[in-house]
Amino acid sequence: MWHLYQFPLCPFSRKVRLLMSEKGIAYELQTEKPWEGRDGFFAMNPAGRVPVLHDEERGITLADSRAICEYLEETVENNQLISGTAQQRAEVRRLVAMFDENFFNDVSGPLLHERMKKRLILRQAPDAKMLREAMKLSHDWLDYIDYLIDNRPWLAGATMTLADLAAAAQISVADYLGGIDWSTHEPARGWYLVIKSRPSFRPLLSERMEVIQPPSHYAEVDA
């Protein structure tokens, strides 16, 4: 049995959870707070970051969300999420990297720092300027998603892929933290409503942090 060490508001953990659910891979969740520096966790991943996927019986430990997703794609055949021609697979990987790196650096990372880490760990007030900048950049990203959805059924092409899951994982964290304004982004909002209406997404929408609550629209799904 796989055990997934993760933190509920970690977008990279969410991406792995979505992929495993979409592929029908059984796993048990283990909540890990990386900032606590638990020795047992650092033994599995010296980088000290979630997610980590571990199977004790088989002696397998995987770290880094992209490495985990690629491993599962290569070892579990059903419901391939990096598929198509070499060019199509390259486009999926390009978008995954862009949301994992650039969106996280621009939007979800700063929101996590200001609205979660400062509150729960540093006991500091958030920086309003940083929050405004993250929310401004989120509009630019939603504009890009609007463009993609205006020209493709899904972000990377004709079918849902890991690119959609990676983007939705990042956006869901930003949305939970109140950093997304959907009012002028109907194509992106429609795509996201479809994604979060899938059974794989429902567990994420039901989870709450005790001291940080999402906006009222967070759990809305496509009717």
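Biologist: How many aromatic pairs does a search of the whole structure find?

Modeller: It finds 11, where a pair means rings of Phe, Tyr or Trp (its six-membered ring) with centres within 6.5 Å. Bear in mind that this is a predicted model, with local features needing pLDDT of at least 70, side-chain atom pairs counting only at pLDDT 80 or more, and totals for chains, interfaces and linings using all residues. Residues are numbered from 1 along each chain as its sequence is written, and side-chain values use heavy atoms, leaving out hydrogens and water.

Biologist: Why is the pair of Phe 99 and Phe 103 called tilted?

Modeller: Planes under 30 degrees apart count as stacked, over 60 as edge-to-face and the rest as tilted. These two planes sit at 40 degrees, with centres 5.9 Å apart, so the pair is tilted. Both residues lie in helix α4 (residues 86-122), 4 residues apart, about one turn of the helix. Helices here are DSSP runs (H or I, at least four residues).

Biologist: Is Phe 99 buried or exposed?

Modeller: Buried, and so is Phe 103; buried means under 20% relative accessible area, exposed over 50%, partly exposed in between (1.4 Å probe, protein chains only).

Biologist: What makes the protein agree with a compact globule?

Modeller: The rule is 2.2 Å times the number of residues to the power 0.38, with the radius of gyration taken over C-alpha atoms. For 223 residues that gives near 17 Å, and the protein has 17 Å, so the two agree.

Biologist: Which residues form one aromatic cluster?

Modeller: Trp 182, Trp 191, Tyr 192 and Phe 201.

Conventions:
Helix = DSSP H or I, 4+ residues; strand = E, 2+ residues; numbered from the N terminus.
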